[in-house]
Amino acid sequence: MSIDVFTKYGCPPCKLLKMWLNKNGIAYNEKPLEIEKNMNEFIERKGSGYPLIVIKEADEEKVFLGNTPKLKKYLREKYTSK
């Protein structure tokens, strides 16, 4: 399992999501869009906003846009004991 979080410098929802992930002990790979390689991947995924969260599991991939209650509910159920 891996979690990629595409972020943009100065983005308040990105900052809040990273704080929430850290607080809940959920490991993730930050992919700043200021880095060309990350921006290219974001475009290939047809990203339309940020943070864009890509959760890769053995048999599936889930994509979420934004720091939403739906994302947090999914992560709590899958990756925390809370």
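Q: Are helix 1 and helix 3 roughly parallel or roughly antiparallel to each other?
A: Angles under 35 degrees count as roughly parallel. In this predicted model, the axes of helix 1 (residues 12-23) and helix 3 (residues 69-79) cross at roughly 15° and come within 12 Å. Helix 1 and helix 3 are therefore roughly parallel to each other, and their crossing is right-handed.

Q: Which residues meet where helix 1 and helix 3 are in contact?
A: From helix 1 come Leu17, Trp20 and Leu21; they meet Leu71, Lys72, Leu75 and Arg76 of helix 3. Sorted by class, this contact has 5 nonpolar and 2 charged residues, and no polar ones.

Q: Does Lys31 count as buried or exposed?
A: Buried means under 20% relative accessible area. Lys31 has 16% relative accessibility, so this lysine counts as buried. Lys31 lies in strand 2 (residues 29-32). Apart from neighbours within four places in sequence, Lys31 contacts Asp4, Val5, Phe6, Thr7, Asn38 and Glu41.

Q: Is the peptide bond that joins Tyr50 and Pro51 cis or trans?
A: Most peptide bonds are trans. The bond joining Tyr50 and Pro51 is cis, with omega about 0°. Pro51 is in the loop between helix 2 (36-44) and strand 3 (52-56).

Methods
Residues numbered from 1 in each chain as written. Predicted model: local features only at pLDDT ≥ 70, side-chain atom pairs only at ≥ 80, totals over all residues. Heavy atoms only, no water. Helix = DSSP H or I, 4+ residues; strand = E, 2+ residues; numbered from the N terminus. Buried < 20%, exposed > 50% of the residue type's maximum accessible area, 1.4 Å probe, protein only. Contact = heavy atoms within 4.5 Å. Axes fitted to C-alpha atoms, helices over the stretch in contact; angles between N-to-C directions. Parallel < 35°, antiparallel > 145°, perpendicular 65-115°, else oblique. Left-handed = near helix turned anticlockwise from the far one by under 90°. Nonpolar A, V, L, I, M, F, W, Y, C, P; charged D, E, K, R; others polar.
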